[in-house]
Structures are given as C-alpha cells and as structure tokens.
Amino acid sequence: MYFWPGVAALWGALFAGLASAVTYFRVDRGRKDLLPLARTTYNAFTICVVAAAAILMTLLLQHRFDVAYVNSYSSLDLPLHFLISTFWAGQEGSFLLWCFWGSLIGLFVWRSAKEQEAPVMMVYLATFLGIVAILCKQSPFRILPPPVPADGVGLNPLLQDPWMVIHPPVMFIGFASLSVPFSFAIAALWKKRWDGWIARAIPWALLTFLTLGTAILMGGYWAYKTLGWGGYWGWDPVENTSLVPWLFTAALVHGMFLQRSRKRHRKINLILACTAYATILYGTFLTRSGVLADFSVHSFIDLGITGWLVGILAGFVLLSVALLAWRWRVIPVAEEDETPLLSRSVLFILGIAVFCALGAVILLGTSAPLLTRISGTPSQVQTAFYEKTTMPAGFLLVLLAGLVPFVSWKGESPGALAKSARRSLAVAAALTLLSLALGARKPDTLALLLLAFFAADMNLRAVLRKARNGKFAGAGGYLAHVGVGIMLAGIVVSGAYARSQRLNLQVNVPKKTGEETLTFLRVVPGSGARKQAMEVKVETARGKTFYVYPKMYVNSRTGQLMANPAIRSSATMDLYIAPQQYDPGQPQIIGRDVRLMKGTTTEVEGTGFTFRDFNADRAAMMRGEQKILVLTDMTITPPDGSRHDVTLRYVFHLDTREGEAEEAAIPGFPNGRMRVLAVSPNDGAVVVRLVGVSKNPADEFQAATVESLAVDVTRKPLIGMVWGGFYVMMAGGLLAFVKRSREARRAILAESTERARPEPAVPATGPALPAHTRSPL
Amino acid sequence: MKKGYWIAAALTLAFIGFGLTAFQKTLTPYLSFDEAKKARGVVQVMGGLDKASDRYDESRGELSFELIDPSGRRMPVVYRGIKPANFKDAISIVAIGRYREGRIDAEKLLVKCPSKYQGAEVEKAYAAAPPGMKS
C-alpha cells in the first residue's frame with residue numbers, strides 16, 4: 001500500500017525528467033524547435049519533485065502515522081522545528097531533499113547554460129534521475145498495514161538539536177550544486193568547448209564549497225557540544241564522506257580560478273569536476289549501502305538499494321573516464337612557456353595536488369573495511385592514520401597559502417618574495433615565540449603554528465591592500481586563506497595542548513584539578529523541556545566562582561541514558577565538563593544480592609536457589625492501573641535434601657519505574673528473609689536479596705556508597721580559533737561567490753545580446769595575458 | 001611549467017605512498033578469537049556479552065567481561081574506563097585493543113544496543129581513559 005499522491009508525484013518526476021532529457025537530446029541533434037518543450041518538461045520535473053517533498057512534509061506535519069516513514073521518525077510530542085527535521089531523518093527523505101535542491105538549482109542552470117543548454121541539462125538530469133528512480137523503488141510513501149499506530153516511534157534524541165535541524169538541508173545544497181560543474185565538464189568534453197564553462201560553473205562550485213563547509217562545521221560543532229567525548233571531529237565514515245568531496249571541491253575551485261586567469265590547465269578542471277562528483281556518489285554508496293555496518297558509530301542499514309548505488313556510481317565514473325580518454329588528445333594544451341617554479345600557477349597546481357592527495361588518502365582510510373574485505377579479513381584503520389596523514393598535508397597547504405599573495409602568475413624572483421614576506425615572517429615568529437612562552441613545546445606543532453601565522457598575516461596584508469585600492473570584492477581568496485591560517489592554528493593548539501582529567505566527584509566534596517576546584521552539589525531535576533542536569537560549582541585559581549550544568553537524563557521514550565557536556569568558554573580556552581557516570585549512592589545494606597538466571601541453580605551456603613520462571617500478572621494494568629505484578633517462581637533446596645517451592649511477589653510501577661517487593665521467609669533458615677530487587681525479563685534474570693543466610697554476618701554487609709558524579713574535565717586552549725577561522729574562511733568564500741556570480745551573470749547577459757554566437761575555437765596557447773599577468777598587488 | 005606538473009605529480013605520489021604505509025601500520029583487522037590470540041598489534045574482536053561475567057572494579061576504574069563468539073568460544077576483555085551506559089543491554093560488543101596476558105586490553109569499545117532508530121546511536125563508542133589520565 002502506498003500513499004498514492006506522493007507516489008504519483010515521484011513517478012511523475014521520473015517520467016517528466018526522462019522526457020526532458022530525451023527532448024534535450026533531440027534538441028542537440030538539431031531539432032531546435034523542441035527547446036521550449038524540453039524546458040517545459042524540465043519545469044514539470046521540478047514541480048513533481050517539489051510536490052513530492054511538499055506531500056511528505058504535509059504528511060509529517062499532519063502526523064499521518066499510517067505512513068511508514070512518518071511513523072518511523074516522528075511523534076506527537078515533537079515541537080514544530082524538530083517535526084520539520086524528521087523529513088531528513090531517514091534515507092528516503094534525505095534522498096528526496098537532495099533531489100529537491102537539485103530540481104530547483106536546475107531552473108538556474110538551464111537559464112544560464114545558453115548554447116550548452118542541451119548537453120548540460122541532459123547530464124544534469126541524469127545525475128538526479130537515478131536518485132528519483134531509487135525513491136520510486138524505495139518509496140517514503142509506503143503505508144503500514146492497519147491498525148494505524150496512535151503515535152510514531154519518534155526522532156532519535158541525539159538529533160533533537162537545532163544544529164541537526166539545519167545541517168542536512170545545508171549539506172544537500174552542496175551535494176546538489178556539485179552536479180552543475182560536473183554537467184558542464186561532461187558537456188565541455190562532449191562538445192569540445194574548453195573554456196566557456198568555467199565562468200558559469202565557478203559560482204556553483206563555490207556554492208558547494210560554502211554549503212558543504214558550513215554543514216561540516218555545524219556537524220562538528222554539534223558533536224562537540226552534544227556527544228561529550230571532547231572533540232569535534234572523529235574521522236567517522238559519515239564525517240569523512242562529506243569532508244572528501246569538500247576537499248575535491250576546494251581543489252576544483254582553485255583549478256577553475258587557475259584556468260580562468262591563465263586560459264590553460266584545462267585538463268585539470270575536467271578531471272577535478274568529474275572526481276569531485278564521483279566522491280559524492282562514492283560516499284553515498286559507502287554510507288548508505290550497509291557495507292560499513294560493523295565499523296562505525298553510525299549505523300548504516302541496507303535498504304536494498306546497494307545495487308542501484310553501485311550502478312549509478314559505476315555509470316558516472318565510466319562515463320567520465322571514457323569521455324576523458326576519448327578527448328584526451330584533443331584537449332588543447334598550452335605550449336611550453338617559461339613560467340618559473342616560483343609562480344602562482346605552480347603554487348596553485350601544487351595546492352590542487354595536495355588537496356587531491358589528502359582527499360584520496362582519507363578516502364582510502366574510510367574504504368579500509370571494503371578494501372580489506374577483498375583480501376580476506378575486513379579491517380579498519382585507527383584514527384591515528386588520519387592524524388598522521390593530515391599533518392603533513394596541513395603543513396604544505398599553509399605554506400602554499402602563505403606564499404600565494406605575493407607571487408604573481410608569471411613568477412617572482414626569490415629575492416622579491418623574501419622582501420615582501422619579511423614582515424609577515426617577523427609577525428609569525430613573534431606569535432610563535434609567544435606560544436612558546438605560553439607553554440607550547442612540541443617542535444612539530446610550533447613549526448605548523450609558524451607557518452599558519454605566516455599564512456594568516458601574508459593574506460591579511462593582501463586583503464588590506466585590496467581594500468585600500470577599493471577592490472575588497474576581489475579579496476575573497478585571500479580572506480579565505482586568512483581563515484585557513486587561523487583555523488589550522490586553532491586545530492593544532494586545541495588538539496595538541498588539550499588536557500584531560502577524569503574526576504570522581506563525591507557530593508559536596510571539593511576536588512582540585514590543576515587550575516580549578518570542582519564541587520558536585522546536586523542533581524537538578526528536569527521539568528518540561530528542561531533536562532535533568534548536574535550542578536557543579538567551579539572555583540578558579542583566581543577566585544572566580546561559577547556553576548556549570550552538564551546534562552544527564554534518561555530519554556523517556558527509549559530509556560537510553562543521555563549525557564551532554566557543559567562548556568564554559570572564555571577568550572583563550574574552553575573548559576569542557578562531560579558527565580560520565582552518576583551514582584545516586586546507597587545507605588549501608590544488610591543482605592546478599594544474588595543474580596539468578598532462569599533455569600539454573602545457584603548455591604548459597606550449601607542451599608540451592610533455582611529460579612524457574614516469571615509470571616506477569618497484568619490484571620491491574622488491564623484495569624487501568626499503572627502497575628504490573630511479577631510472580632517469580634523458585635525452588636529452594638536446603639542441605640537436608642528437602643525441596644520447597646516459593647513464589648515471590650514484585651510489583652512494578654510503570655509511572656515511577658520503581659519496584660516494590662514483599663519479603664518472604666527462606667525455608668531452612670530460621671532468620672532468613674528474601675525479596676526480589678530487580679527483574680529483567682529480556683535476560684531471563686532476577687536479582688534477589690538474601691538476609692540471614694550467611695554463617696559469617698560480614699558477608700551480608702554492604703557498605704554505604706556516597707552519591708557521586710564522574711566527569712571528564714578537559715581544557716581546550718584556543719578552540720575558539722577553530723570556529724573563528726572557519727567563519728573567516730567562509731566569509732572569504734562568500735565574497736568570491738558573490739563576485740563570480742555577478743561575473744557569470746554579466747557574461748550570460750553579454751552573450752544573450754550577441755545572439756548565442758558559438759564560442760570561438762580555442763587557440764592552443766593562451767591569449768596575450770592582460771591585467772592579471774602582473775602580481776595583483 | 002612542465003616542471004610544476006612533475007613536482008605536483010611527485011608530491012601526490014609521495015603523499016599517497018606515505019598514506020599507504022600509514023594505512024598498513026594502523027590497520028586493525030577484525031579477527032576471530034583464535035587469530036586475535038596470535039596477533040601482535042591492535043586488533044578488534046566482536047562477540048556477544050556473557051552477561052554473568054562482567055565485573056566493575058571501582059577503585060581501579062576497570063571493567064572486565066567476557067565475549068562469546070557464535071561457536072561458543074570465549075575471550076576475556078579488560079577496559080580501563082567508566083562502564084558504558086546500557087552495557088547490559090548490548091547485543092554485541094566490539095573491543096579494539098591489544099591481546100596481552102590472555103585477554104584483550106581494550107582501548108575502545110563499540111557497544112551495539114537494540115534500538116528502534118535507523119541512524120546514529122544504535123551503536124556507541126567508548127574510549128578508554130588515556131594512559132596519562134589521572135583518576
């Protein structure tokens with residue numbers, strides 16, 4: 001059973017999309033008169049996809065729990081913003097979200113592609129039709145057989161966070177917009193138009209760089225403030241499969257600027273556009289096919305679409321490779337010129353190489369379980385692998401970013417560069433010495449800091465220079481590099497000099513760490529939307545006092561224990577307090593607690609205790625009372641050979657989740673009393689407390705334990721620089737995006753007035769280079 | 001200019017070569033209990049929790065338990081750290097660490113619990129306290 005309007009919209013999208021692609025093909029074969037039809041069918045495709053998304057959203061908002069997807073991810077108690085986010089809580093919904101953005105972006109693409117419209121739109125449609133086909137097969141509109149559930153399963157409590165509401169939509173904008181450079185590149189290869197596509201595709205590549213980067217940051221920040229393991233990046237496959245496309249997109253953006261400025265290096269961008277798109281498909285395959293099921297803290301459930309994903313991936317990779325191989329010899333290559341090694345062109349090429357190598361290595365690590373499965377034992381790499389490999393790449397990237405502002409495309413003499421770099425080198429050295437004075441000691445981190453500060457200052461000077469000349473709009477790249485320097489310094493310092501301590505805080509007993517004194521005061525009960533928290537008083541060495549509230553609560557739906565850290569941020573460091581375990585404490589107890597497994601006999605002081613079975617009496621519950629009576633049947637065999645059957649009564653209150661047990665005598669022990677402490681029907685186990693059975697009374701003495709809270713306390717110096725640097729980098733990207741979008745629009749307008757004149761044949765060498773040959777500074 | 005490309009290619013290859021060696025060094029294979037006993041270096045084993053076997057030593061902050069594989073073989077595991085929440089509900093546990101003195105000295109546990117959610121949190125990772133960490 002399916003909710004037919006949704007299914008109709010999806011199939012409508014599939015057919016409209018196919019029709020549009022076929023019509024575009026005929027347009028390309030010369031039927032120019034069909035162009036309006038191709039566009040109309042594309043618009044119909046968009047309308048169908050948007051309608052499917054709107055229908056799913058409506059079902060979610062209306063709590064239609066008869067729809068399987070609605071039932072699996074939403075529930076009545078969710079506030080509106082979380083209810084909206086259940087749209088992308090599952091695989092089907094997130095695929096639909098991907099298509100939703102893709103169909104809307106396509107409206108801009110066909111308007112801007114001009115004479116390349118037909119081939120570009122055919123490829124562009126193809127990149128989404130596969131996903132639409134998956135959605136037709138694995139529909140989000142499946143209806144459950146009756147009866148209709150009264151409430152849904154609900155949204156994973158970890159995802160009930162504002163960051164997780166906006167993270168997926170932003171990320172899928174990035175995924176969808178990367179289809180544009182890919183489509184343009186394939187069309188360029190097919191139609192042998194080597195240069196025109198760059199200007200039109202740059203804004204979309206930059207959009208992917210921005211949105212994917214922002215999504216990665218949001219995911220990292222969410223992990224940092226919610227999960228409580230103290231970091232923002234865990235090298236999990238899900239994280240890696242968004243990082244790798246981002247690295248390749250960064251490479252592509254650099255390559256596009258290079259080709260645009262130099263009118264050469266065409267092969268690089270054709271390869272990069274294909275590779276970047278392939279990494280998105282490969283990542284989708286890795287995380288959604290279940291191949292990594294045993295290797296990640298995320299769980300990946302195989303929906304039975306693995307074959308489809310492999311097919312789509314293989315199809316696009318083969319298409320890219322075949323076209324590249326076919327056209328390789330006719331792609332115009334610039335004649336050998338005398339550009340020296342120390343030139344912006346070479347720095348760009350090296351930077352692109354580092355991005356690609358880093359992306360490939362991270363992808364290699366992420367694919368480890370898959371690769372090793374072929375050779376036998378599936379294996380995984382430790383996170384040390386990523387730490388080891390990213391460090392040298394980080395060195396190279398900041399070094400290149402630092403040199404780039406004062407090196408022109410045509411080259412620079414080392415002497416001139418040294419002269420312009422002197423000031424930044426002095427600033428970087430001073431800041432590094434300051435770090436040394438503040439306690440940074442490791443030589444590798446100091447070296448990286450020096451380079452990061454150098455890169456930040458060199459690029460900052462370039463930004464200021466541009467701003468003084470009234471060309472701030474063109475300083476996007478430099479500004480992004482300033483951010484890279486700051487961010488890398490933050491990553492290095494907060495990682496290498498974080499200090500952690502695990503403390504067991506007994507209630508009201510102050511405990512001194514290196515700099516602070518922590519006192520666990522009390523449990524603050526939750527109420528309404530506020531979660532139960534632990535009140536901890538922190539006194540700093542300087543005599544300042546503040547209170548932090550790490551959260552620790554049981555999710556009422558799942559019974560899972562949730563723990564969120566408390567973070568106290570100051571300008572120079574974060575104090576990160578992650579709750580690990582709470583012990584409510586217990587008074588001194590007399591008795592022996594024995595765990596009995598169903599059907600087995602446990603001997604205590606010569607007497608056998610056999611737990612036969614449970615009997616749950618739900619009569620009270622049927623009457624509407626919130627309790628269940630559990631009867632535990634036991635056989636007790638004292639040493640004298642007699643057998644006694646005993647039934648213990650235990651009442652479990654569903655509202656308070658507490659039990660209440662009656663005491664019973666123990667046959668064979670004159671002073672013996674026993675009662676049930678806990679039952680766990682899933683394990684088939686019961687815990688009983690025996691009193692007065694031991695020869696030595698000390699065996700029945702359980703000392704009192706004190707209420708206590710175990711926390712991990714971490715000091716993270718300068719972690720604010722990670723976020724701050726990222727913002728600066730994104731601001732630079734945004735500036736570049738605005739500038740390149742304006743340029744693209746101007747180019748399109750200019751072309752429209754010229755009535756779609758075909759692009760002139762490309763000369764083998766670049767034309768005489770005007771303004772940008774000189775150093776832009 | 002050609003030289004630039006050559007350097008870039010050499011750099012990429014060198015880096016990927018470096019990545020491959022790091023890959024081999026940090027690979028932690030999923031091994032059966034018998035293989036784990038012979039292996040050197042970090043390995044990972046997976047098994048069900050023997051629910052009668054787990055002990056938590058408060059004073060040393062050490063959790064010890066036994067894993068059982070489908071053919072009934074057992075592997076003792078020690079994990080220095082706080083007992084993971086919902087430990088008892090685990091369907092399966094992955095222990096990542098070194099085999100020493102008849103048991104796995106786990107650096108990390110992946111505890112897989114039954115969950116009705118498709119997505120994160122069916123499985124949760126727990127890292128042992130780093131050696132330098134004071135208790």
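This is a predicted model: local features need pLDDT of at least 70, side-chain atom pairs count only at pLDDT 80 or more; totals for chains, interfaces and linings use all residues.
Residues are numbered from 1 along each chain as its sequence is written, chains are lettered from A and ligands numbered from 1 in the order in which they are written, and side-chain values use heavy atoms, leaving out hydrogens and water.

**Surface patch**
- Trp11(A), Phe15(A) and Leu18(A) make a nonpolar surface patch of about 310 Å² (patch residues have over 30% relative accessible area and no salt bridge, with nonpolar side chains joined within 5 Å).
- Trp11(A) sits in helix 1 (residues 4-28) of chain A (a helix is a DSSP run, H or I, of at least four residues).
- Trp11(A) is partly exposed, at a relative accessible area of 38% (buried is under 20%, exposed over 50%, partly exposed in between, using a 1.4 Å probe and protein chains only).

**Cysteines**
- You'll find 0 disulfides over all chains (the cut-off is a pair of cysteine sulfur atoms within 2.5 Å).
- Cys99(A) is in no disulfide either, with the nearest cysteine sulfur, that of Cys136(A), 9.6 Å away.
- Cys99(A) is buried, at 1% relative accessibility.

**Helix 8**
- Helix 8 (residues 179-191) of chain A has 13 residues and reaches 18 Å from its first C-alpha to its last, close to the 18 Å expected at 1.5 Å a residue (that is 1.5 Å times one less than the number of residues).
- 11 of those 13 residues are buried, so helix 8 of chain A is largely enclosed by the rest of the structure.
- The buried ones include Pro181(A), Phe182(A) and Phe184(A).
- Just after helix 8 of chain A, Lys192(A) takes a positive phi of about 55°.

Definitions and conventions:
Patches are made of residues with over 30% relative accessible area and no salt bridge: like charges are joined within 9 Å, nonpolar side chains (Val, Leu, Ile, Met, Phe, Trp, Tyr) within 5 Å. Accessible areas come from the Shrake-Rupley method with a 1.4 Å probe; for residues, only the protein chains shown count as cover. A salt bridge is a side-chain nitrogen of Lys or Arg within 4 Å of a carboxyl oxygen of Asp or Glu. Helices (H or I, at least four residues) and strands (E, at least two) are DSSP runs, numbered from the N terminus.
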